Amino acid sequence: MANLFDAHSIVTTLGLIGVLAIIFAETGLLIGLFFPGDSLLFIAGVAASGSAEKIVGAHLNPAALLIASPIVAIIGSQVGHWIGAKFGPKYFDRPDGRFFNQKRVHATEKWLNKYGTGKALILSRYVPFIRTIINPLAGIVHIPARKFFIYNAIGAVLWTESVLGIGIFLGDKVSGSVDKYLLPIIAVIVLISLIPVAIEILKELNTKRNLS
């Protein structure tokens, strides 16, 4: 039986369908907060490489994986946005929520306005938890579905194809277990994705310093 919280178990037990289902849930549903995202894509990429059977113990069709992954990531996020737009305001009439509250909504709205919808949505793909939460929050703060879709699609393609690509590349290059590469690679991906945000923060701090 597959462990839905372990990327390797999902790939070896559930195969391509399992990978796609978890990607959808991780990007579109609140339960996705607890599922693997980057690590699942990376292991799935290794499983689509030439050394898949030897390293992972399973093989995924690379063409199907590379085509279907961004599609389900896009659909999942659109579902999250729809849930936020449809049910979010009613949900937030309650004083406290387990995952959301008014403070987080206002903070996300401020972040989206400050850095721009496009940059915020694209960069959030590379940050665990944020890529799940931002979709319904974007619906709650009334980002139009059409505008959301454009940046959602760009971010989904960049995220899935880049992490899968790294997995496929390393799967063809290394021998033995790839577990030791997993955390460092994910850390590098997250750090690179946060560089533009860090630059914006430094610019703002510099501007405030010059005005004071």
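A nonpolar core is taken here as a set of buried Ala, Val, Leu, Ile, Met, Phe, Trp, Tyr and Cys residues joined through side-chain atoms within 4.5 Å. In this predicted model, the largest such core has 33 residues. Val11, Val19 and Leu40 are the residues with the most contacts inside this core. Two or more residues are given to the core by each of helix H1 (7-28), helix H2 (38-47), helix H4 (62-91) and helix H8 (145-173). H1 provides the largest share, eight residues.

In soluble globular proteins, nonpolar side chains tend to be buried together.

Another core, of eight residues, lies apart from the largest one and includes Leu112, Ala120, Leu121 and Ile134. Ala120, Leu121 and Ile134 also take part in the contact between helices H6 and H7. The axes of H6 (residues 117-124) and H7 (residues 130-140) come within 8 Å and cross at roughly 145°. On the H6 side the contact involves Ala120, Leu121 and Ser124, and these meet Ile130, Arg131 and Ile134 of H7. By class, the contact has four nonpolar residues, one polar and one charged.

Two aromatic pairs are present in the structure. A pair of aromatic rings is described by the distance of the centres and the angle of the planes. For Phe5 and Phe35, the ring centres are 5.7 Å apart and the planes stand at 35°, so this pair is tilted; planes under 30 degrees apart would count as stacked, and those over 60 as edge-to-face. Phe5 is in the segment before H1, whereas Phe35 is in the loop between H1 and H2; the pair therefore ties together parts that are 30 residues apart in sequence. Phe5 is exposed, with a relative accessible area of 56%. Phe35, at 14% relative accessibility, counts as buried, because the cut-off for burial is under 20%.

Trp82 and Phe87 form an aromatic pair with an edge-to-face arrangement, at 5.6 Å centre to centre and 90° between the planes. Trp82 is partly exposed, its relative accessible area being 48%. Phe87 is likewise partly exposed, with a relative accessible area of 42%.

Key:
Residues are numbered from 1 along each chain as its sequence is written. This is a predicted model: local features need pLDDT of at least 70, side-chain atom pairs count only at pLDDT 80 or more; totals for chains, interfaces and linings use all residues. Side-chain values use heavy atoms; hydrogens and water are left out. Axes are lines fitted to C-alpha atoms, for helices over the stretch in contact, and angles run from 0 to 180 degrees between N-to-C directions. Helices (H or I, at least four residues) and strands (E, at least two) are DSSP runs, numbered from the N terminus. Contact means heavy atoms within 4.5 Å. Ala, Val, Leu, Ile, Met, Phe, Trp, Tyr, Cys and Pro count as nonpolar, Asp, Glu, Lys and Arg as charged, and the others, Gly among them, as polar. Buried means under 20% relative accessible area, exposed over 50%, partly exposed in between (1.4 Å probe, protein chains only). Rings of Phe, Tyr and Trp (its six-membered ring) pair if their centres lie within 6.5 Å; planes under 30 degrees apart count as stacked, over 60 as edge-to-face and the rest as tilted.
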